[in-house]
Amino acid sequence: STGPGIYICTLSNMCGNESVTSVINFNPSIDSFVGTISGLGTDDGCSRPGAPSGNFDLCPLPGEDVTITCTTSGSTSIITPGGQVVSSPHIISSITDSAEGVYTCVASDPPCDADSSTLTIMLGSCEPPRLERADGFILNPPEAKTSIGNDSCALVRDQVTGERRGVRINCLASNVFTTTWFRDDVMLNFTEPLLETNGRSGNYTCVVTSECGAMDSEFTLIYEAPIIDEGSGLVTDSLNGINVGSDVCVDQSLGGSLTIECNLLNGTTPPSPIYMWSKEGDPSFNSSASSIMLDRSDGSIAGNYACNVATGPNGVCGMNESTSRVLIPPNIIMTGGNPPGTINIGTDACLTGSLALQCLVVEGTPPVTRVWTQDGIMLSSTEVFLPISSGGTYTCSVSNDCPTASMGTSVITVPPTVSISANITGSLTNGCETPGNMLCPLIGEMVTVSCAVTGTSSYMISGPGGTSNSMDLVINSFQESDAGTYQCTASNPPCGSSNDSIPIIFTGTPPVISTSPPGPPTNETPTLPPNMLINI
């Protein structure tokens, strides 16, 4: 034979053919039959503590997971000690003594003879550890030592020395091979039964195992005053609220409520923390929630709000506190009644007598600071009332710890004064026979009309010879038609206007001296009109 397979023999002649088929099989064989214990790899467990005495193929401990695998060249089945036929692989979860015994692997391929192999499983014995558990709360345990299962404060008072120290946790048990500690599910690098907490709070778990691997565990809650996740500094009011510890200036334009959260740092939140809110100066204000909501439109919203958080039964393990200041920005009164001779900042006025500006604040968390300026220069006064002695642009700025200030501005003007004058170019007098506020030019002379004003920088000169705005009026060659009254007008709202005038009088034409005078020469001095210039 060349091997297993299907063989066909065929005979044929002229009359036809005939075939016969034969199936040739090898006897099936078992390639492997093994059992494994979860977590042990290829170790059969028969040489460890707690293993049964004797010669066995697999020695699991009670509760371990076992997998039995049989590999064959034929059809495979496994027969359990109880006679049940199962397939391969056969998995036994958390094995008990009912599953120990002889397991048989059968390889079959009819009509050939079947092959079989056995595997014997025998359970070991393992005595579990037994913890000495407690259950309660100990405020000040003797020697600052509490048993596992008893809750306590992170810092306790030593009954011998009276000093405050970190509580110790004792994890006593019988039949212990190893001790492992966890704090908040994180393994600690400590394997002794008595653990020093060093004053750190948390959920402490002690896990003990016996020599054969069985285990037992228990936990203890250690409380301390929780640490508040404080904010800091002055923050912007927003719909998201603030953390206690931060100060905030209320933005009433947001509407609704301002929320102040009393959050705790991660890892410091004890079971059932006790929250106690208070407001300085208001014994009626209280809350036991982790956050408070304040109505932004409430005029009494400003103040210092404190959150106290305690822990442990009835808060016996300590308390932590944080405070937020809720501030209202200052707001200046721009309208309303005033004392006589006083106006509110924000109102313009004319300085005609005794006058004072007042800068009153309708709201704002104290302390409020005032700053007065005149034409951009800071004044020394910080009072509510500012006496006014001169015109200018006055500003009052009020501020508190909020980042934005309230500001009002008043423009104080003084009544304008006007003084008009005129002169003849080249003449030291007014050209008239008598002095006075008048001018008597001759035809052809240059005349300049000027105006001096106070209280304003704008004015207008007007007369028969023309007009000029805020500058001298110059008549280059005076003519008879230019004679008349010239007026300067200056205005300064709300003080009104003021004016002054000067007459310019036509006095004639200057004489002309001929270069060929008639008659004989004379040595007499001619009589001329006063201040007349003669062109020669």
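This is a predicted model: local features need pLDDT of at least 70, side-chain atom pairs count only at pLDDT 80 or more; totals for chains, interfaces and linings use all residues.
## A glycine and its neighbours

Leaving aside residues up to four places away in sequence, G444 touches N476, S477, F478 and Q479. G444 sits in the loop between β42 (417–424) and β43.

How far apart are the C-alpha atoms of G444 and N476? They are separated by 7.7 Å, although the two residues are 32 residues apart along the chain. G444 has a relative accessibility of 40%, so it counts as partly exposed.

## Disulfides across the chain

How many disulfides does a search of the whole structure find? The search finds nine. Three of them are described here, beginning with the pair C249 and C402.

The sulfur atoms of C249 and C402 are 2.0 Å apart, and the two residues form a disulfide. The link of C249 and C402 is left-handed, with -110° about the S-S bond. Are C249 and C402 buried or exposed? Both C249 and C402 are buried.

Next comes the disulfide that joins C350 to C495, with an S to S distance of 1.7 Å. C350 is in strand β34 (residues 349–350), while C495 is in the loop between β47 (484–491) and β48 (497–504). The pair therefore links distant parts of the chain, 145 residues apart.

Why is the disulfide of C350 and C495 right-handed? The torsion about its S-S bond is about 115°, which makes the disulfide right-handed. C350 counts as buried because its relative accessibility is 18%, and buried means under 20% relative accessible area. C495 is buried too, with a relative accessible area of 17%.

## A link between two strands

C451 and C488 are also joined by a disulfide, S to S 1.8 Å. Here C451 belongs to strand β43 (residues 447–454) and C488 to strand β47, and the pair links distant parts of the chain that are 37 residues apart.

The torsion about the S-S bond of C451 and C488 is about -85°, so this disulfide is left-handed. C451 is buried, with a relative accessible area of 10%. C488 has a relative accessibility of 0%, so C488 counts as buried.

Now for C9 and C15. Which cysteine sulfur is closest to the sulfur of C9? The closest is in C15, but it is 18 Å away, too far for a bond.

C15 is exposed, with a relative accessible area of 77%.

Which residues make a nonpolar surface patch of about 340 Å²? I6, I8 and V23 make this patch. I6 is found in strand β1 (residues 5–13).

I6 has a relative accessible area of 63%, so I6 is exposed.

Definitions and conventions:
Residues are numbered from 1 along each chain as its sequence is written. Side-chain values use heavy atoms; hydrogens and water are left out. Patches are made of residues with over 30% relative accessible area and no salt bridge: like charges are joined within 9 Å, nonpolar side chains (Val, Leu, Ile, Met, Phe, Trp, Tyr) within 5 Å. Accessible areas come from the Shrake-Rupley method with a 1.4 Å probe; for residues, only the protein chains shown count as cover. A salt bridge is a side-chain nitrogen of Lys or Arg within 4 Å of a carboxyl oxygen of Asp or Glu. Helices (H or I, at least four residues) and strands (E, at least two) are DSSP runs, numbered from the N terminus. Buried means under 20% relative accessible area, exposed over 50%, partly exposed in between (1.4 Å probe, protein chains only). A disulfide is a pair of cysteine sulfur atoms within 2.5 Å. Contact means heavy atoms within 4.5 Å.
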